[in-house]
Amino acid sequence: MSRIDALMARMTLAEKLGQLTMSAAGHAVTGPVIAGDSTQSIVDGTIGNLLNLFGAGPVHEVQRLAVEESRLGIPLLIGLDVLHGHRTLFPIPLAEAGIFDDTLWERTAREAAREAAADGLAMTFAPMLDVSRDPRWGRTAEGPGEDPWLNARIARARVRGFQGPDLASADALGACAKHFVAYGPVTAGRDYAAVDISERALHEVHLPGFAAALRAGVATLMPAFTSLNGVPMTAHIPLLRGWLRDEMGFDGVVVSDYNAIAELVEHGVAVDLVDAATLALKAGVDIDMMAGAYRRGLPVALAQGRVTIDEIDACVRRVLRLKERLGLFDDPYRRGASAEPASVLAGRRALARDVARRAIVMLKNERATLPLPAAPAALCVIGPLADASSEMKGPWWGAGEHEPATSVLAGLRAALPQASIRHAAGVAIEGGDDSGIDAAAALCVGVAAVVLCLGESVTMSGEAASRATPALPGRQTALAEAVIARAHATGIPVVAVVFSGRPLVIPWLAEHADAVLAAWFLGVEAGHALADVLTGLASPSGRTPMSWPRAVGQVPVCFGERPTGRPMSADVAYTSRYQDVDNSPLYAFGHGLTYGRFRHDDLQVTPRRARRHDTLEIRVRVRNEGPREAEETLFLFVRARLSRVTRPVLELKGYAKLRLPSGDTGVVKLDLPVSDLCYLGPDLQPVSDAGEVEILVGPSADPAGLLRTSIELD
């Protein structure tokens, strides 16, 4: 008899339901319910999983209660939101997406897993795989941006990184793909609101990332809070049982989101907790997080014959099997058994700085404003985000809440010790007090440049942080107007550094600042990383993983829109266009400048006539005509000339990077299997068509910068 069979034979109903229950331990609160003391419940075996507890000491103590004092000795599964680092915080996931580097995505997840596992954890509620094309939605910060192909690449890399080659290893975490599925297109960008999208959008845009995570072996999955086309995801039998379990063969654990099972009552599909528990169990949700629905509702449902003990047992077996795969039965104290040496911590901090440098996107750089002049005598660093070290960490800081972080001001002072650096906040991030604007603007005289640090606070991004107007809050625009006017009056350039968890609507700032950097939230090494880029120690290489709108009224805006029978024409009234703003985004997907200046030409594709099992080889010549070495990123898009359904005007199929010294020429090579040109036909099944396919390569999704050629598919 296997260990799991032996345990199942001995378990009472209460102990079985304990394995299906996850309770918060109190180190962090991620929802509307705060758990009480669960110590006795652990000993009783009526709580089998915890979240929001970390630290080897506390974790080992609760494991001791479960393993040594409970009747059955079943170890606890303990998880935390490790979204962009554990204690050492890397850039937020949206920022990391813009680095376009599979190896780096896997490496940062691997380092986060090692650090979290050293704190005793065995599970993370990550990666978040919700495609977002609406920057009003606060959880945009946690995800991959707007493209499903990119999302699938990130999903694979993150799962590999978190879980490592052996899930039972002392430095591995069980990953959790969330939020299944289509949480991103919530109505009006409002968190938790309903989602109503087509089946085609579901299968083309929102499911591919989860499919990639499943193929990578993700251990767990979390349904979204939201309803999809009228059915709450926590009770969605066609997707949770049909697509996930039956079609994709997922045999891992499905864990609800925080209190989500109880919220089925608010959704209007359950009359009470018994009803809610029944619906979630029938849909295949294994673990009830923080609702208490399974412990309180399933005994009643079982007695009424609404659920069976076999259905409960199937969930319990999946939970026990996960604990076995994580090695918790063999050694529940394995994770956190030894502290990480100082050299490992220092190396992780250095990695955080390098990743943060690479995540910075230079949106604009007129008249070579950046990098700053060598050895400037004086600089002016202005704005509410200039000396705001805690804001650099970004939302969902996990165990890194009290870890030191470097502000922009501190980073520049460390990088330029001989320079006189003047500083004033000018205004707060929020609020209407503009009494400090004049004094701040008065500092911008007689300096080499002004660094203007603007943007959101960390609490404006993440869960429950939707913004109807994702622009500069408070009186920051007024500060920018005053500072830029004063600086430009004496010929002083202004560099705007914009912090945010989403693309912001900043058309005025983009027009009037001399240079603009999208700094997102870069983590604990933000200030040093920004100083490296501002001073030219590193060339910016980040790209925008989402289109930046010119106006809120453009939202949602993305490069993968479908064509219309009346494409936009500035000279024809009855075409698909706005009267008051251009259709195009302010900054296209993939946009990002460097300290090089790259020219692309000689696009070559072989073979020009391809069959289903061929692989296309794509080559582009690249020359760095700029004054500095830099890294260029090129994107591969395709567009079929004729299909059985209307397909996006551009579909991302690859990217490649090339670092070139000034004056050098190189060749970027990309491979594209012809099988990747399949698409979902009218019945949502994969099909491929003979005919002409356009191949487009360029530095962003801006059509003006794309090289084009065509191939013929037999």
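A: Helices here are DSSP runs of H or I with at least four residues, numbered from the N terminus. The model is predicted.

Arg358 has a relative accessible area of 18%. Buried means under 20%, so Arg358 counts as buried. Its contacts, leaving aside neighbours within four places in sequence, include Ile99, Asp101 and Leu104. Ser541, Gly542 and Lys657 are also in contact with Arg358.

Now the chain around it. The secondary structure comes to 20 helices and 26 strands. The radius of gyration is 26 Å, close to the 27 Å that the globule rule gives for 714 residues, so the chain is as compact as a globular protein of that length. Along the principal axes, the C-alpha atoms fill a box of roughly 80 × 65 × 45 Å. Of the 714 residues, 61% are buried. Among contacts with a separation of 6 or more, 77% are between residues 24 or more positions apart. The chain exposes about 25,900 Å², and carbon and sulfur atoms supply 50% of that area. Charge comes next: there are 71 positive and 83 negative side chains. The centres of the two sets lie 3 Å apart.

Glu142 lies in the loop between strand S4 (123–124) and helix H7 (148–163). Glu142 is buried, at 4% relative accessibility. Its side chain makes a polar contact of 2.8 Å with the side chain of Trp396. Beyond residues up to four places away in sequence, Glu142 touches Leu83, Pro93, Met128, Lys178, Trp396, Gly462 and Glu463.

Leu660 belongs to strand S21, residues 651–660. At 6% relative accessibility, Leu660 is buried. Among the residues it touches are Phe598, Val622, Arg623, Asn624 and Arg628. Glu629, Ala630, Thr665 and Gly666 also touch Leu660.

Leu707 is in strand S26, residues 707–713. At 21% relative accessibility, Leu707 counts as partly exposed. Its contacts include His600, Asp601, Leu603 and Val620. Ile695, Leu696 and Val697 are in contact with Leu707 too. Leu707 and Ile695 are 12 residues apart in sequence, and their C-alpha atoms are 8.1 Å apart.

Last, the backbone. Most residues other than glycine have a negative phi, and most peptide bonds are trans. Some sites depart from that pattern. A cis peptide bond joins Leu370 and Pro371, with omega about 0°. Pro371 lies in the loop between strand S11 (361–365) and strand S12 (378–382). Another cis bond joins Thr606 and Pro607, with omega about -10°. Pro607 is in the loop between strand S17 (598–606) and strand S18 (609–610).

Positive phi values also occur. Tyr192 has phi of about 75°. Tyr192 lies in the loop between strand S5 (176–180) and helix H8 (199–206), and at 36% relative accessibility it is partly exposed. Asn229 has phi near 50°. Its loop runs between strand S7 (227–228) and strand S8 (231–232). Asn229 is partly exposed, with a relative accessible area of 33%.

How values were computed:
Residues numbered from 1 in each chain as written. Predicted model: local features only at pLDDT ≥ 70, side-chain atom pairs only at ≥ 80, totals over all residues. Heavy atoms only, no water. Helix = DSSP H or I, 4+ residues; strand = E, 2+ residues; numbered from the N terminus. Rg over C-alpha atoms; globule rule 2.2 N^0.38 Å. Buried < 20%, exposed > 50% of the residue type's maximum accessible area, 1.4 Å probe, protein only. Contact = heavy atoms within 4.5 Å. Areas by Shrake-Rupley, 256 points an atom, 1.4 Å probe, with all protein chains shown as cover. Lys, Arg positive; Asp, Glu negative; His and termini not counted. Charge placed at Lys NZ, Arg CZ, Asp CG, Glu CD. Polar contact = N/O pair within 3.5 Å; in protein donor to acceptor, adjacent residues only side chain to side chain.
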